[in-house]
Amino acid sequence: MMDELPILPTTVIGSYPRPKWLREAIRLHKAGKVSDEELTEAFNDAALAVLHDHYLAGIDVPTDGEVKRDEMVEYFAERLGGFKFYGPVRVWGTAYYRKPAVVGKIEYKSPLLVDEFNYTKSVSYTPNVKITITGPYTIAYWSYNEYYKDMKDLVFDLAKIINKELHNLVDAGARIIQIDEPAIHSNKKDVSWAVEAVNEAVKGINAKLVVHICYGDYRIVAPYLNEFKVDQINFALKIYNYRYLELFKKYGYEKELGLGVIDVHSRRVESAEEVAKDIKNSLEYFPAEKIWINPDCGLKLLPRSIAFQKLVNMVKGTKMVREELKK
């Protein structure tokens, strides 16, 4: 079970910079110079290193940094039946990913994250480890659909698959599970049933459930937030200067709020005082008992030293507010 958490628990969204030596090991493995066993060892060592960074920073609810996953949709498409890959697609700038295509009925062949979770749990400094999984709408939206009659059928099939995986994770001991749905507010006409699909994915799951929603127009999803059958929704908020807090309050948002206080697109390291000020301002909208503190999104695109220092200051700023709340 989870250990008791302090007020304003600190966490991460999921990803963290891969150590340089892991990137080199992956390159050598692709060139046939590193064995599968050696690559597995490198992945495990990297997960351990990330957890150590989180421990040193003082994160209450860590992850393994998703170091074993190249990309948040590609990783799952590779392991499910019904997908194939044609080649890389440019996301922005010089960033590419292998966009999958759905060419047959989606099939759950074997557990996707259980081995990853078991290793993370075995080396974690706390039982409060969070495991993250990409949600059904985002997997579908970021894939080509060449098989299903429509997007909705594809999303609900994916939701059923994810539900099987979540049951397996809970059986393995997962107690905090985050469903990543960065695409869920991409298309206004889909939002109502996309929320239903997430609820289908988490049906019957006995764990603390979190949904991650990042960059975009939150006005599209705000009317539906209370319909998610989860405990918490975390958002990118720092990058928007917290202007959406008023919107959430207006719609009577009543779940826990994961408050993004770190801009992951900037190499500027927020000071502890800045983080504390932002948290205190957010308390004008929501009670401390319902707020968790996190970066806006994953940290993997930052240099590791900067990502680490951002987390250090995030925790320091949070502790400053905790001390004030005691007075």
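Colleague: Why is Phe235 called buried?

Modeller: Phe235 has a relative accessible area of 0%, and buried means under 20%, exposed over 50% and partly exposed in between, with a 1.4 Å probe and protein chains only. So Phe235 is buried. Bear in mind that this is a predicted model, where local features need pLDDT of at least 70, side-chain atom pairs count only at pLDDT 80 or more, and totals for chains, interfaces and linings use all residues. Residues are numbered from 1 along each chain as its sequence is written, and side-chain values use heavy atoms, leaving out hydrogens and water.

Colleague: What makes Phe235 and Tyr253 an edge-to-face pair?

Modeller: Rings of Phe, Tyr and Trp (its six-membered ring) pair if their centres lie within 6.5 Å; planes under 30 degrees apart are stacked, over 60 edge-to-face, the rest tilted. Here the centres are 6.4 Å apart and the planes at 80°, so edge-to-face it is. Phe235 sits in strand 7 and Tyr253 in the loop between helix 8 and strand 8, so the pair ties together parts 18 residues apart in sequence. Tyr253 counts as buried, at 7% relative accessibility.

Colleague: Which cluster do ring pairs build with Phe235?

Modeller: Ring pairs link Phe235 with Tyr218, Tyr240, Tyr244, Phe248, Tyr253 and Phe286.

Colleague: And how do you know whether Glu37 is buried or exposed?

Modeller: Glu37 has 60% relative accessibility, so Glu37 counts as exposed.

Colleague: What about Tyr125: why is that one partly exposed?

Modeller: Its relative accessible area is 31%, so Tyr125 falls in the partly exposed class.

Conventions
Helix = DSSP H or I, 4+ residues; strand = E, 2+ residues; numbered from the N terminus.
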